[in-house]
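Dear colleague,

Please find below the structure that I am handing over to you. My notes on what was found in it follow directly after.

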Amino acid sequence: MTDRISVRETGTGTPLVLLHAFPLSSRMWQPQLDELPGSDGGEARVLAVDLRGFGGTGSGTDEPSLDLLADDVALLLERAGIERAVVGGLSMGGYVAMALARRHPERLSGLLLADTKATADTEQARANRERIAAAVLARDSVALLLDEQVPTPLLGPTTVAERPKLVERLRRMVEEASPQAVAWAQRAMAARPASLDVLAELAVPALVVVGEEDAITPVGDAEAMAAVIPDVVLTVIPAAGHLSSLEAPDTFNWAVRGLLERVR
Ligand code: MLT
């Protein structure tokens with residue numbers, strides 16, 4: 001358990017918990033924090049969480065595991081007096097949302113899976129994560145991530161060509177990550193199980209969103225998740241890449257509002 005889980009919060013309506021991608025923080029959800037509560041603030045209570053080691057949340061001393069992050073979210077809900085929430089995650093945040101669906105299904109009123117996948121890592125992907133973890137710790141720097149992931153493949157080619165300010169914002173967000181958190185999260189993601197079985201048993205409305213230009217978890221991964229979920233809407237966002245909530249916030253928020261309506 002980690003002592004304090006840092007959260008950015010806006011609005012007062014249906015609880016919506018948002019879990020960020022790797023190696024970012026709750027800051028990536030600013031367009032959702034700004035817009036989803038609606039003009040009177042009463043449509044959604046948006047809680048954007050800093051996962052362990054990122055943003056304002058401390059690392060703790062536990063061995064790397066996404067299950068711990070799911071337990072952190074369940075604890076956060078308990079402390080906030082929220083019985084059930086729509087829980088949404090993008091990429092790594094989606095893996096955590098699926099771990100939450102496995103371990104604490106009674107906490108969910110809806111599930112949002114954005115630019116993520118339900119399969120486990122291949123051996124090659126695990127080896128690559130260990131390479132990154134070891135390198136950032138050895139160099140005490142996340143510069144390697146900037147070189148390998150920013151602006152592509154984290155952002156889609158349309159965003160890279162048309163939105164230089166967003167590219168800079170992303171670069172600053174990645175720079176804020178600590179090497180320890182990056183290594184811990186890489187090792188936790190490497191150890192995650194497949195979750196298609198959990199999705200097939202899902203008893204709440206779900207939304208699967210993916211940027212059409214997502215090169216990390218492409219449209220096929222989203223289709224595979226949507227194919228097994230009993231009550232699901234799949235939205236493919238044009239001209240957006242892996243960080244679809246940042247790259248195309250209006251379309252992303254429109255899709256999430258649809259999920260909130262189905263839940264209500
Ligand atoms: C993310 O955006 O969270 C990562 O690309 C997920 C991953 O490395 O599998």
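**The ligand site and its surroundings**

S91 sits in the loop that connects strand 4 to helix 3; helices (H or I, at least four residues) and strands (E, at least two) are DSSP runs, numbered from the N terminus. Please note that this is a predicted model, in which local features need pLDDT of at least 70, side-chain atom pairs count only at pLDDT 80 or more, and totals for chains, interfaces and linings use all residues. Residues are numbered from 1 along each chain as its sequence is written, and side-chain values use heavy atoms, with hydrogens and water left out.

S91 has a positive phi of about 55°, although it is not a glycine. Most residues other than glycine have a negative phi, and most peptide bonds are trans. S91 counts as buried because its relative accessibility is 7%; buried means under 20% relative accessible area, exposed over 50%, and partly exposed in between (1.4 Å probe, protein chains only).

S91 also belongs to the surroundings of the ligand, together with A21, F22, M92, Y95, R129, M189, I216 and H242; a residue is counted here if one of its heavy atoms lies within 4 Å of the molecule. An N or O atom in the side chain of S91 is 2.9 Å from an oxygen atom of the ligand. For R129, the distance from a side-chain N or O atom to a ligand oxygen is 2.7 Å. H242 places a polar side-chain atom 2.8 Å from an oxygen atom of the ligand. On its own the ligand has 270 Å² of accessible area, and the protein covers 92% of this (Shrake-Rupley method with a 1.4 Å probe; for residues, only the protein chains shown count as cover).

The seven strands form an open sheet with mixed pairing, in the order 1-3-2-4-5-6-7; two strands pair if DSSP finds at least two bridges between them. Strand 1 (7-10) and strand 7 (232-237) are the edge strands, each pairing on one side only. From one strand to the next, the twist averages 15°.

Strand 4 (residues 85-90) and strand 5 (residues 108-114) run parallel and are joined by six bridges, with G88 opposite L112. Strand 5 is in turn joined to strand 6 by four bridges, again in a parallel arrangement, and L113 stands opposite V208. Strand 6 and strand 7 are paired in the parallel sense over six bridges, with V209 opposite T235.

How many of the six residues of strand 6 are buried? Six of the six residues in strand 6 (residues 206-211) are buried, so this strand is largely enclosed by the rest of the structure. A206, V208 and V210 cover one side, while L207, V209 and G211 lie on the other, and all are buried.

**Helices across the sheet**

Helix 2 (residues 66-80) lies across strand 1, strand 2 (14-19), strand 3 (44-49) and strand 4, and runs at about 150° to strand 2. Axes are lines fitted to C-alpha atoms, for helices over the stretch in contact, and angles run from 0 to 180 degrees between N-to-C directions. Helix 3 (residues 92-103) lies across strand 2, strand 4 and strand 5, at about 140° to strand 4.

F22, which is among the residues surrounding the ligand, is joined to P23 by a cis peptide bond with omega of about -5°. P23 is in the loop between strand 2 and helix 1 (30-35). A cis peptide bond also joins V150 and P151, with omega of about 5°, and P151 is in the loop between helix 5 and helix 6 (157-162).

Q149 is part of helix 5 (residues 143-149) and counts as buried because its relative accessibility is 15%. Leaving aside residues up to four places away in sequence, Q149 touches F22 and L154 (contact means heavy atoms within 4.5 Å).

R52 is found in the loop between strand 3 and helix 2 and is buried, with a relative accessible area of 3%. The side chain of R52 makes a polar contact of 2.8 Å with that of D62, and one of 2.8 Å with that of D72. A polar contact is a pair of N or O atoms within 3.5 Å; within protein, one must be able to donate a hydrogen and the other to accept it, and residues adjacent in sequence count only if both atoms are side-chain atoms.

With kind regards
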